[in-house]
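Biologist: I have a chain open here and would like to go through it with you. Can we start once it is on screen?

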Amino acid sequence: MTPMRWVYLALAIWGTVHPMYYFLSYLAANDWSLGALIDAWYVNDSTTGLTWDLTIAAVTLTIWIIAEVAVRRNWSALIAVPAIYCIGVSCGLPLYLFLRSRPIP
């Protein structure tokens, strides 16, 4: 495995663990209310802007992944799409780069 693949893998793990710590801490402090978490994303213009920034980045990344997978036939890389929406762009992007950088048989 190349050094860059290790970097992508490390970033995907970090992009999973670090944000998830804060999401789970927030949910635990707020009776595991997903509605409260979503409401917090729109509490002011700053968080609303960040929410839209990440949403647009997630949609763009999804379109790019689908377009590249169609050309490269690297179907296993599609696992990055649910990672984007279930975990976050901070996991989905480096995970896709990790999967994309492997040799395709």
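**Notes on the model**

Modeller: Met-20 is partly exposed, with a relative accessible area of 24%. One caution: this is a predicted model.

Biologist: Where does Met-20 lie?

Modeller: Met-20 is in helix 1.

Biologist: And what does Met-20 touch, not counting residues up to four places away in sequence?

Modeller: Cys-86 and Ile-87. From Met-20 to Ile-87 the C-alpha distance is 7.5 Å, although the two are 67 residues apart in sequence.

Biologist: Let me step back. How many helices and strands does the protein chain have?

Modeller: There are 5 helices and 0 strands. The order from the N terminus is α-α-α-α-α. The C-alpha trace spans about 45 × 25 × 20 Å along its principal axes.

Biologist: What percentage of the residues count as buried?

Modeller: 25% of the 105 residues. As for contacts with a separation of 6 or more, 53% of them are between residues 24 or more positions apart.

Biologist: On to the largest nonpolar core. How many residues has it?

Modeller: The core has 15 residues, and Ile-65, Leu-95 and Tyr-96 have the most contacts inside it. Helix 3 (45–72), helix 4 (80–86) and helix 5 (89–100) each give two or more residues to this core. Helix 5 provides the largest share, 5 residues.

Biologist: Which residues is Leu-95 in contact with, leaving aside neighbours within four places in sequence?

Modeller: Ala-12, Ile-79, Ala-80 and Ala-83.

Biologist: Pockets next. How much space lies in the largest pocket?

Modeller: About 790 Å³. Its lining has 23 residues, and those nearest the centre are Phe-23, Trp-41, Leu-54, Ile-87 and Gly-88. Ile-87 is also one of the residues that Met-20 touches.

Biologist: Which helices supply the lining of that pocket?

Modeller: Helix 1 (3–29), helix 2 (34–40), helix 3, helix 4 and helix 5 each supply at least two residues. Helix 3 gives the largest share, 6 residues.

Biologist: How do the lining residues divide into nonpolar, polar and charged?

Modeller: The lining of the largest pocket has 18 nonpolar residues, 5 polar and no charged.

Biologist: Speaking of charge, how many salt bridges does a search of the whole structure find?

Modeller: The search finds 1 salt bridge. The side chains of Glu-68 and Arg-100 meet there, at 2.4 Å from N to O. Glu-68 is in helix 3 and Arg-100 in helix 5, so the pair ties together parts that are 32 residues apart in sequence.

Biologist: Is Glu-68 buried or exposed?

Modeller: Glu-68 is buried, because its relative accessible area is 16% and the cut-off for buried is under 20%. Arg-100 counts as partly exposed, at 29%.

Biologist: Last topic, the backbone. What is phi of Asp-31?

Modeller: Phi of Asp-31 is near 55 degrees, which is positive in a residue other than glycine. Most residues other than glycine have a negative phi. Asp-31 sits in the loop between helix 1 and helix 2, and the residue is exposed, with a relative accessible area of 70%.

Biologist: And Arg-73, where is that found?

Modeller: Arg-73 is in the loop between helix 3 and helix 4. Its phi is near 60 degrees, again a positive value in a residue other than glycine.

Key: Residues numbered from 1 in each chain as written. Predicted model: local features only at pLDDT ≥ 70, side-chain atom pairs only at ≥ 80, totals over all residues. Heavy atoms only, no water. Core = buried A, V, L, I, M, F, W, Y, C linked by side-chain atoms within 4.5 Å. Buried < 20%, exposed > 50% of the residue type's maximum accessible area, 1.4 Å probe, protein only. Helix = DSSP H or I, 4+ residues; strand = E, 2+ residues; numbered from the N terminus. Contact = heavy atoms within 4.5 Å. 1 Å grid on protein atoms, 1.4 Å probe; cavity = no way out; pocket = protein on both sides within 12 Å on 5 of 7 lines; lining within 4 Å. Points joined across faces, edges and corners; volume = space filled by probe spheres on them. Nonpolar A, V, L, I, M, F, W, Y, C, P; charged D, E, K, R; others polar. Salt bridge = Lys/Arg side-chain N within 4 Å of Asp/Glu carboxyl O.
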